[in-house]
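This report describes selected side-chain features of one protein model. Please keep the sequence and the structure in view while reading.

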Amino acid sequence: TEPPKPTETKAPRFADVGYRDWCYPYIEKMADKGVIAGEDGQFYPNRAVTRAEFIKMLCGIFEIAAERGGDMPFADVPADQWYAPYIGAAARLGLAEGADGKFDPDAPIRREDAAALMLRFTKYAGMELTQSQGGYTDESEIAPYAKEAVLALSGAGVIGGFEDQSFRPGITATRAEAA
């Protein structure tokens, strides 16, 4: 669905995201759905999004219930942390993967990792995306495990690159980009 059109009749929800910001309609839509939130009236759109925050967003978008308890396959996700129910639910469904028994929940998520997670969630939801032909100037830098995801999601218009036609797979995704 299309993001809402900015309207002058409704004040922006967050003081640091205005009508003219490219990310405004996406942030507003995700906040309306309760998928994202800010702090102290701010969204902090340029702050890095963590792996835990991103999993929580995806669980919210795809309406995956976060439940406490159950086996946690990641040694670095304590059961008492706010993100444990989301990571646990995603892991039980085979959607969240880590490395060496760890998820690294507080680490900023890289753009290619965000794409790989998004594709797993869309496939889980039964959505089929057609892989695009690519065209990013730095396509050779996209890790093999993320290439299908980047091309499929960009082909569907879910994610995009930068003005210089690059994707920048290894850089940290911002909260605005995640929305």
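A charge is said to sit over a ring if NZ of Lys or CZ of Arg is within 6 Å of the ring centre and within 35 degrees of the ring normal. The model is predicted, so local features need pLDDT of at least 70 and side-chain atom pairs count only at pLDDT 80 or more, whereas totals for chains, interfaces and linings use all residues. Residues are numbered from 1 along each chain as its sequence is written, and side-chain values use heavy atoms, with hydrogens and water left out.

**Charges over rings**

The table lists two examples.

| Charged residue | Ring | Distance from ring centre |
|---|---|---|
| Arg 168 | Phe 162 | 3.9 Å |
| Arg 175 | Phe 43 | 4.2 Å |

Arg 168 is found in the loop between H5 and H6; helices are DSSP runs of H or I with at least four residues, numbered from the N terminus. Although Arg 168 is not a glycine, its phi is positive, at about 60°. Its relative accessible area of 32% makes Arg 168 partly exposed; buried means under 20%, exposed over 50%, and partly exposed in between, with a 1.4 Å probe and protein chains only.

Asp 40 also has a positive phi, of about 55°, without being a glycine. This residue belongs to the loop between helix H1 (24–32) and helix H2 (51–61), and Asp 40 counts as exposed because its relative accessibility is 77%.

**Aromatic pairs**

Rings of Phe, Tyr and Trp (its six-membered ring) pair if their centres lie within 6.5 Å; planes under 30 degrees apart count as stacked, over 60 as edge-to-face and the rest as tilted. The whole structure holds 7 aromatic pairs. One of them is the edge-to-face pair of Trp 82 and Tyr 83, with 5.3 Å centre to centre and 80° between the planes. The rings of Tyr 136 and Phe 167 form a tilted pair, because their planes stand at 50° with the centres 5.3 Å apart. Tyr 136 lies in the loop between helix H4 (111–124) and H5, and Phe 167 in the loop between H5 and H6, so this pair ties together parts that are 31 residues apart in sequence. Both Tyr 136 and Phe 167 are buried.

Is Ser 166 buried or exposed? Ser 166 counts as buried because its relative accessibility is 5%. Its place is in the loop between helix H5 (144–155) and helix H6 (175–178). Leaving aside residues up to four places away in sequence, Ser 166 touches Tyr 136, Thr 137, Asp 138 and Gly 161, where contact means heavy atoms within 4.5 Å.

Notes: Helix = DSSP H or I, 4+ residues; strand = E, 2+ residues; numbered from the N terminus.
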